[in-house]
Amino acid sequence: MSKYWEIFRITWQQFLIYRVNFVIWRLRTIMQLLLVYFIWWSVFKSQVQVFGYTASSILTYILAASLIRTIVLSSRASDLIDSINTGSIVNFLIKPLGFIRYFLTRDAADKLFNIGFFIVEISLLILLLKPPVIIQTDIAILIPFFLSIAGGLIIYFCINFIIGLTAFWVESSWGVLFLMSVFLESLGGGLFPLDILPKNLFSALMLTPFPYLIYFPAKLYLGGMNYSEMLNGFVVIAIWILVLILLMRIIRDAGFRHFSAVGN
Amino acid sequence: MRKYLKVWWLYTINSFQVQLNVRWAFVLFIFAKILRFAAFIFFLVVLVKSTKVLAGYNLDQVILFFLSFNLLDILSQLIFREVYRFRAVILSGNFDYYLMKPLNPLFRSLFTGADLFDFATLIPLIFALLYFINKLQLLDIIHLSSYFLMLLVGLVIALSFHIFVLSLGIFTTEVDNAVFVYRDLMGMGRVPVDIYMEPIRGLVTFIIPVGIMMTFPAKSLMGLLSLSSLVYSILFAAFLFYLSLNIWKIALRNYSSASS
Amino acid sequence: MSNTVISVKNLKKYYRVHQKDPGLIGSINSFLNRKYKDVKAVDGISFQIEEGELIGFIGPNGAGKTTTLKVLSGLLYPNGGETQVLGLEPFKRQKQFQINISLIMGQKNQLWWDLPPMDSFILNKEIYEIGKQEFKDTIEKLSRMLEVGDILATPVRKLSLGQRMKCELIAALLHSPKVLFLDEPTIGLDVVAQQNMRDFLKEYNRQFQATIILTSHYMGDVEKLCKRVVIINEGKIIYDGSLEKIINKYAPYKMIKVDFKENIDLKKIEEFGRAERYSGNHVEFRVAKDEISKKTAKLLSEFEVADITIEDPAIEEIIRQIFEQ
């Protein structure tokens, strides 16, 4: 266990060493948030209700979504591609170090660090912009909210990890990773709540893993979701987690076999 | 000048050849970019269809802003692509070779990675722009020429920003996120900057010149840009460019190559 | 009277490096308050180099060799002193300067990794504005000298390190530079490739009267190529002169290596000199130069010798001695 603590520590140290990089990264997330926030803010200057949302519910949605993004979408999967391409993946074959656990630890360190910064940023934003946010206090909503974040986090880790593993076979893993991030950007629900989409499209989308990374938890937070919708959501999350974990292990083993057979 | 054109062309051809080696990644990249474009425009349409106006602009105008944003965004990505590779150049110490050769190192670091794939995405975009310009009845010399003028101003500002990023790369070797800050800042101009609340609006219009780069060209096309704003933009761009060149000079002086 | 190509007076180059204590606490400290330290990479050195000279810079890692080379080729801005190469200040990087120099770094490459070397050559042709005929002739001449004619159309990533270095050389010499800086040109090469590289440099220097300055870890490079060496340590020049002289000064002795026909008692041969290596019937002595013939004769007459060789001491050994002082 202590070796993973060490990995955690080293990951944190790297943040401090590349401090310029990290500060800039946080700046980016703020700007992305501002764009979305103000599109909606300006919409509600002339409207009271759009797609069944009020100003306070949509702005709360946007801020909750950005919190969820910080937790779910911070990941170091690109390191995996690097280490496969440079061959430093060999370390995992010769050292007594859990491969998936290593990256999970790095991710955890990454997430905690980002959350710390997010709390400061969001407090400042709320102070400055004074948005009419809804503070959710209902335990019956907060528990499924955090559960769904945990689910989204696992799904996201698995997807990223699987994409990273493809670097064993193909050179275009970067492209896949980028495509994934765009999918998330567009269809994850960070830009707008997905239920403003046409009904059929929305229902189809809810079967893919993407809405569960941002939209579903954020929507849960707003409250008002009925039990069958909630249950449906968690069932889909559970199925995806099972499928993805299985897939991740199979691909990992195949990747190592491929690696030892071909070298690099 | 002829030498630089020739060299630019050779570099472009060479990087195109290299890209062909990893063509699948590039197909994916382009597909992802198109998806992002489509998703955002879809969002705008769904939104503004329901609200009728966004910050005082109708749907056609909002789309025109977004298309104009994309034009400048793609152009500057295409022209300044080499900046994205600068971190690797600095870290490997290959910047030494840039300095050694009788070719301006700034030219080498900015322009020599032009991406021919991006040319392909420009063509449908220009057609879409023309369609909406025509639809809004703006297809005449006066509107178009002020549009081109402001596009040029936008490109000069983009150029200056990229020079800042390169200089930063020399000082800290941390350049990749700086490029993306720039990109995200520009991304705030996907919609007219009028949507932002003061003082952010003033900030992103005049200080961080997202407004000048992304909103003003489309505004001037629609005849909505005041003369004073236009003059301010030109002066601002000139000043920024001058500043960036000086910072680049300082950065070169401070350069200490990697292996030492 | 030959022309001075390079003149350096009291050159200084300092670096600022940031300091960090180990551990997370150290990281946080350094995050909040960075401490810097000046490292004197080059600390007031002076020398002159004449046209056509082939000079070796030697010294341990971090001595300042590479820094000096980089200041001379215009990559680094010096903190003090005067530097002139071909009558120009390197850091100004005037075209007149750039088209007359070249720098080759053993660990770096200027060739395009995924393309054949020829593509990189063509690019250099345009950058250095080399005429068509001159370009053709130079490539032909250099590829003949280096024996690489058939690999110029193969992508660089498929070449061996030795082949790649040869192509790097061609790329660097296309514009026929008058001054050539080489930083560890033979690093990582196998013995044969190292030998080829040395032969080429020697030949190039002779044929074109090019001034060549090289740094190297391999004493072999310096020994085979350079008449004059500059020894640098901790940013200062500690020796500048002919290789022969320094050998005489620090090693006024030779090594006699003897194989006796049978095992021999060490005590019996003590009078011949200090035995540096001893294993039964094989002994190596250090013998002062002026006593060599006398002692060899004596050895041969008093013992049954199977084989005897007389050698100069290894140059690594000498340099090590100098640094230890």
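What percentage of the 264 residues in chain A is made up of buried residues? The points below take up that matter and then turn to the contacts and domains of this predicted model.

1. Burial in chain A. Buried residues make up 36% of the 264 residues in chain A, where a residue is counted as buried if 20 or more other C-beta atoms lie within 10 Å of its own.

2. Overall dimensions of chain A. The C-alpha trace spans about 65 × 40 × 35 Å along its principal axes. Chain A has a radius of gyration of 20 Å, which agrees with the value near 18 Å that a compact globule of 264 residues would have.

3. Secondary structure and contacts within chain A. Chain A contains 11 helices and 2 strands, and these follow one another along the sequence in the pattern α-α-β-β-α-α-α-α-α-α-α-α-α. Of the contacts in chain A with a separation of 6 or more, 82% are accounted for by residues 24 or more positions apart.

4. The interface between chains A and B. Here 33 residues of chain A are in contact with 34 residues of chain B. On the side of chain A that touches chain B, α2 (19–46) and α8 (173–187) of chain A each supply at least two residues, and α2(A) gives the most, with 16 residues. By class, this side of chain A has 22 nonpolar, 8 polar and 3 charged residues.

5. The domains of chain C. Chain C is divided into domain 1, which covers 54–79 + 90–242, and domain 2, which covers 251–324; the C-alpha centres of domain 1 of chain C and domain 2 of chain C lie 39 Å apart. Between them, 8 residues of domain 1 of chain C are in contact with 5 residues of domain 2 of chain C. On the domain 1 side of that contact, α8 (219–225), β8 (228–233) and β9 (236–242) of chain C each supply at least two residues, and the residues of this side divide into 6 nonpolar, 1 polar and 1 charged.

6. Confidence. The model scores ipTM 0.81 and pTM 0.81, while chain C averages a pLDDT of 86, with 97% of the residues scoring at least 70.

How values were computed
Residues numbered from 1 in each chain as written. Chains lettered and ligands numbered in written order. Predicted model: local features only at pLDDT ≥ 70, side-chain atom pairs only at ≥ 80, totals over all residues. Contact = placed C-beta atoms within 7 Å. Helix = DSSP H or I, 4+ residues; strand = E, 2+ residues; numbered from the N terminus. Nonpolar A, V, L, I, M, F, W, Y, C, P; charged D, E, K, R; others polar. Rg over C-alpha atoms; globule rule 2.2 N^0.38 Å. Buried ≥ 20, exposed ≤ 12 C-beta atoms within 10 Å, placed from the backbone. Domains from an automatic or database assignment. pLDDT = per-residue confidence, 0-100.
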